[in-house]
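Hello,

Here is the structure I promised to pass on to you. My notes on it follow below.

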Amino acid sequence: MSFSPITARTRRRVLSTCLAVSLATGLGLAGAGAAVAAPGDGSVVAAQPAPALPVVTGQVMNYAVNVTKANNGQTRKAERAVTAAAGTVVASWPEIGVVIAQSDNVNFAASVRADKSVASVGATRTAPVAASDPTWKGAPDTAALQRTGGSASQQSVAEQEGLEAATAVTADPLEARQWDMTAIKADQAHQVTDGSKKVLVAVLDSGIQGDHPDLAANIDQGRSAGCLSGTPDTSYAAWQPTTSDHGTHVAGTIAAGRNGVGIVGVAPASKLSSVKVVNDDGFIYAEAAICGFMYAEATGADVTNNSYFIDPWEFWCGSDVDQAAVKTAVDRAVQFTQRKGVVNVAAAGNSAVDLANKTVDTGSPNDTVPVTRQLDETCTDIPAELDGVVTVSSTTSTGTKSSFSNYGEGVIDVAAPGSSILSTVTGGGYGTKSGTSMASPHVAGVLALLKATHPRAEGTQLTDLLYAQADDVACPATAATCVGTPADNGWFGEGLVDALDAVTAP
Ligand SMILES: [Ca+2]
Ligand SMILES: [Ca+2]
Ligand SMILES: [Ca+2]
């Protein structure tokens, strides 16, 4: 779920989305035990591996399949195991040994888990895949095709998204209203530099309006794509916003241009790529996020911004066989990009919970019917809590933690403004939004300035600078939930990011 503005309307929208989805679920079948057929006794083995279990038709589900070794040969073997178990390959990433598969065989996961080339398999959702879903591999849904594009419910979501929390203002120079830029000294940094067009920030989100007057010149259309089908679609429409202006708002905070209109982003000379991972119902599934990370790295992104958690679990638990496999698949993509020098930045989330001491989750899975789960230390928000990801909490204009922001000692890396942030919205205008979604892009922008200042630095070299330069923010004396020292604590991590240091410090 992308961390949309913190309003009652957002919560209602999420709830209505949950209720609208069929109760019928693949939970039981996806979690079925890995029963393995008795091994052969030396008789001749058929070239085509036989399914370990019979094919029994049920609901169409998507799966992340993790290969034992990240290479072409093993990945091809895993693809054959998918086919043998009555599955279809949706996407295949041999660089990380991950295959995304689709099947209506209720024994699919158990059968594929039995293959020697496969380390783990997990259902990416609890709701079945609809024929209208971009990953659908079955026969065309003729009923859906006959409906005019966009259902009534999508329309109303679009209207809500476009209007909610947006304070419409005319497109005059609006820098005076950008308290956030002053707070991180971006205004002072811009006296030195606006950054560099050689730096690319990938915005994994709901799309960026391609012809927004404050963004168009900075969008690298040749390095933008939609990932909703599980593989990159570089057509213009595939990375455009449809039902949400979230990605357009995030993009403006990073790199709205210094061009005489509207606002100015943290790193206004930088390039942006729109990598669409949020579907029309507001969900970010693992198959889209993995595609997004892999595409961003392949197209030379220096930084990615991730203002979302991967659905349908707010926290993915390693103690669950499906959730563990999906978390592994996403982590493989994230760690691959980081080994290649990409810095991934993620919002900490808007549930006002202590990520270092999780207790209970009542909101997941959000694609069927949420259950009450006790959380243990294996349960994490992805991608925010994956190793090496820059995890960002949100601050207000008075410099304290935003009430909605998640926190946690040893989890939060840095803080940035996220309450009442003015930025670009679809329709060519401007509006204010609040959320850790709005904090994360400030950090992505500071990293873009750092990359411009230190063109040879990448990965942890950049994050080391980011953390060292951040301005310490001590825990407020009355804040019982803030644990740690002024130099590093659970509300602000290593402190408020510093755009001026990013362009002036050696
Ligand atoms: Ca501007
Ligand atoms: Ca982190
Ligand atoms: Ca500093």
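Let me start with the strands (DSSP E runs of at least two residues, numbered from the N terminus, as are helices, H or I runs of at least four). Strand β5 (residues 200–205) runs parallel to β7, with 6 bridges between them; pairing requires at least two DSSP bridges. Within that pair, Val203 is bridged to Ser274 of β7. Strand β6 (residues 225–226) also pairs with β7 in the parallel sense, over 2 bridges. Of the 6 residues in β7 (271–276), 5 are buried, meaning under 20% relative accessible area, with over 50% exposed and partly exposed in between (1.4 Å probe, protein chains only).

As for provenance, this is a predicted model, where local features need pLDDT of at least 70, side-chain atom pairs count only at pLDDT 80 or more, and totals for chains, interfaces and linings use all residues. Residues are numbered from 1 along each chain as written, chains are lettered from A and ligands numbered from 1 in written order, and side-chain values use heavy atoms, without hydrogens and water.

There are 3 disulfides in the whole structure, each a pair of cysteine sulfur atoms within 2.5 Å. Cys227 and Cys291 have their sulfurs 2.1 Å apart, and the S-S torsion is about -65°, so this disulfide is left-handed. Cys317 is joined to Cys379 by a right-handed link, at 110°.

Finally, Gln469 (O), Asp471 (OD), Asp498 (OD) and Asp501 (OD) coordinate the calcium ion (ligand 3) at 2.2 to 2.5 Å. Donors are N, O and S atoms within 2.8 Å of the metal (3.2 Å for Na, K and Ca); water is not among the atoms, so sites may look incomplete.

Best wishes
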